[in-house]
Amino acid sequence: MSALQLPPAAPTRPARRHLRLVEAPASSLAPSGPLQAWRRRFGALVVLAALVVVVAQAFAGGADATSPVTVPVSATTVVVQPGQTLWDIASVHAPAGTSTWAYVEELSELNGITGSQVDAWQVLRLPAA
C-alpha cells in the first residue's frame with residue numbers, strides 16, 4: 001500500500017503584536033507648492049471679505065430699532081420707524097387746519113413715493129408748513 005499523503009499544513013500566522021503609532025514627518029502632512037499658495041490666498045481673501053462686511057455694517061448702522069417714535073433728523077425730515085405708514089406720519093406732522101389726506105398726498109409727491117408703501121428707516125422730507 002502506498003502511504004497516504006496529507007496536504008501540507010497551512011502556514012500559521014505569527015501572533016499579532018500591538019501596533020505602534022509612528023508620527024509622519026511634518027513635511028508629508030502639509031500641502032506644498034501651488035496648493036499651499038492657493039489655500040493661503042483663499043484664507044486671506046476670506047479674512048478680507050469678513051473685514052469689509054464688518055466695516056460696511058458699522059458705517060451703515062441706522063437708528064435704534066427699539067425706539068417706537070418718529071425721530072426727527074432735522075426740522076424738515078423724519079425717519080420712518082418699523083410699522084409706520086404715511087398716514088401715521090401725516091397725522092403727527094400735519095399743520096393745524098390741514099387734512100391728513102392732503103398731507104399724505106404732499107408727503108408722497110415731495111418724496112417721490114408712487115404708492116403707499118414706505119420702508120423702515122427711510123428718511124422723508126416734510127412739506128413746508
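Residues are numbered from 1 along each chain as its sequence is written, and side-chain values use heavy atoms, with hydrogens and water left out. Because the model is predicted, local features are reported only at pLDDT of at least 70 and side-chain atom pairs only at pLDDT 80 or more, whereas totals for chains, interfaces and linings use all residues.

The protein chain contains four helices and three strands, where helices (H or I, at least four residues) and strands (E, at least two) are DSSP runs numbered from the N terminus. Along the sequence these elements follow the pattern α-α-β-β-α-α-β. Of the 129 residues, 16% count as buried, a term that denotes under 20% relative accessible area, with exposed meaning over 50% and partly exposed in between (1.4 Å probe, protein chains only). The chain exposes about 10900 Å², of which carbon and sulfur atoms supply 63%; these areas come from the Shrake-Rupley method with a 1.4 Å probe. Among contacts (heavy atoms within 4.5 Å) with a separation of 6 or more, 45% are between residues 24 or more positions apart.

In soluble globular proteins, nonpolar side chains tend to be buried together.

In α3, the buried residues are Leu86, Ile89 and Ala90. These residues cover an arc of only 100° around the axis, which puts them on the same side of α3; the arc is that of the directions from the helix axis to the C-beta atoms. The buried residues of α3 pack against β2 (77–79), α4 and β3. For Ala90, the contacts beyond its neighbours within four places in sequence are with Thr100, Tyr103, Val104 and Leu107.

Helix α4 has 12 residues and reaches 16 Å from its first C-alpha to its last, close to the 16 Å expected at 1.5 Å a residue, the expected span being 1.5 Å times one less than the number of residues. Its buried residues are Tyr103, Val104, Leu107, Ser108 and Asn111, and seen down the axis of α4 they fall within an arc of 140°, so they line one face of the helix. The cover over these residues includes α3 and β3 (123–125), while the face of α4 turned away from the buried side carries the exposed residues Trp101 and Glu109. After α4 comes Gly112, with a positive phi near 70°.

One aromatic pair is counted, on the criterion that rings of Phe, Tyr and Trp (its six-membered ring) pair if their centres lie within 6.5 Å, with planes under 30 degrees apart taken as stacked, over 60 as edge-to-face and the rest as tilted. The pair is formed by Trp87 and Trp101 and is tilted, at 6.4 Å centre to centre and 45° between the planes. It links helix α3, which holds Trp87, to helix α4, which holds Trp101, 14 residues apart. Trp87 is partly exposed, with a relative accessible area of 44%, and Trp101 is exposed, at 54%.

A further tryptophan, Trp121, is found in the loop between α4 and β3. Phi of Trp121 is near 70°, a positive value in a residue other than glycine, and at 31% relative accessibility Trp121 counts as partly exposed.
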